[in-house]
Amino acid sequence: MKARPHSHSRKRQEMSALTGRLRQQARKITGPRAAILQILRQHPHPFTNKEIFAALPKGQCDLATIYRAMHLLEEMGMVKRFDFGDGTARFELVGEGNDGHHHHLVCTRCAEVVEIEECFSSEIETRIAAANGFKSVTHKLEFFGICPECQQPRCHKRKSRARARLIFC
């Protein structure tokens with residue numbers, strides 16, 4: 001598998017298209033929702049609720065509002081939830097008509113995320129489903145390892161985004 005920017009991160013979604021999706025489903029475009037969408041559209045990699053909160057101007061909204069907004073956006077299919085095995089939900093915007101299916105390679109030291117373009121063929125899913133009597137089989141797959149920067153001797157890379165703790169490699 002070759003790591004490349006995923007197709008949804010190549011083209012930044014227009015704010016008007018995002019707010020239009022909210023309006024189509026009779027949802028208000030509140031200040032906090034607009035600010036959250038703006039943060040997510042600027043960052044192609046998954047963000048936690050706390051990272052979104054830290055990226056917003058102080059006093060813009062509280063953490064509970066972000067949790068509620070992310071729940072709504074997920075229900076509407078505007079964001080996709082990812083779990084990298086640490087019990088923390090992360091969210092990315094997905095385009096209209098796009099299921100957001102892709103995979104990630106996550107550094108276990110600094111939490112850097114690389115999006116993986118390639119995916120398994122549907123033939124593998126079909127074979128697994130048939131062998132086990134399942135229907136509508138899909139998959140989620142995340143890879144974990146140590147990024148090139150953290151492999152360097154005496155690496156002092158900071159954890160990504162809002163994480164402030166230094167990592168000593």
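Beyond its neighbours within four places in sequence, L56 is in contact with A35, I36, I39, C61 and I66, contact being heavy atoms within 4.5 Å. The model is predicted, so local features need pLDDT of at least 70 and side-chain atom pairs pLDDT 80 or more, while totals for chains, interfaces and linings use all residues. Residues are numbered from 1 along each chain as its sequence is written, and side-chain values use heavy atoms, without hydrogens and water.

L56 is also among the residues with the most contacts inside the largest nonpolar core, together with I36, L37, L40, I52, M70 and L73. This core has 22 residues; a nonpolar core is a set of buried Ala, Val, Leu, Ile, Met, Phe, Trp, Tyr and Cys residues joined through side-chain atoms within 4.5 Å. The elements α2 (15–24), α3 (31–42), α5 (63–75) and β3 (89–93) each supply at least two of its residues. Helices (H or I, at least four residues) and strands (E, at least two) are DSSP runs, numbered from the N terminus.

| Residue | Relative accessibility |
|---|---|
| C61 | 14% |
| C110 | 0% |

The whole structure holds 0 disulfides, a disulfide being a pair of cysteine sulfur atoms within 2.5 Å. For C110, the nearest cysteine sulfur, that of C107, is 3.6 Å away.

An open sheet of 3 strands has the order β5-β4-β6 and mixed pairing; strands pair if DSSP finds at least two bridges between them. β4 (residues 103–107) and β6 pair in the parallel sense over 4 bridges, and L105 stands opposite F143 in β6.

Conventions:
Buried means under 20% relative accessible area, exposed over 50%, partly exposed in between (1.4 Å probe, protein chains only).
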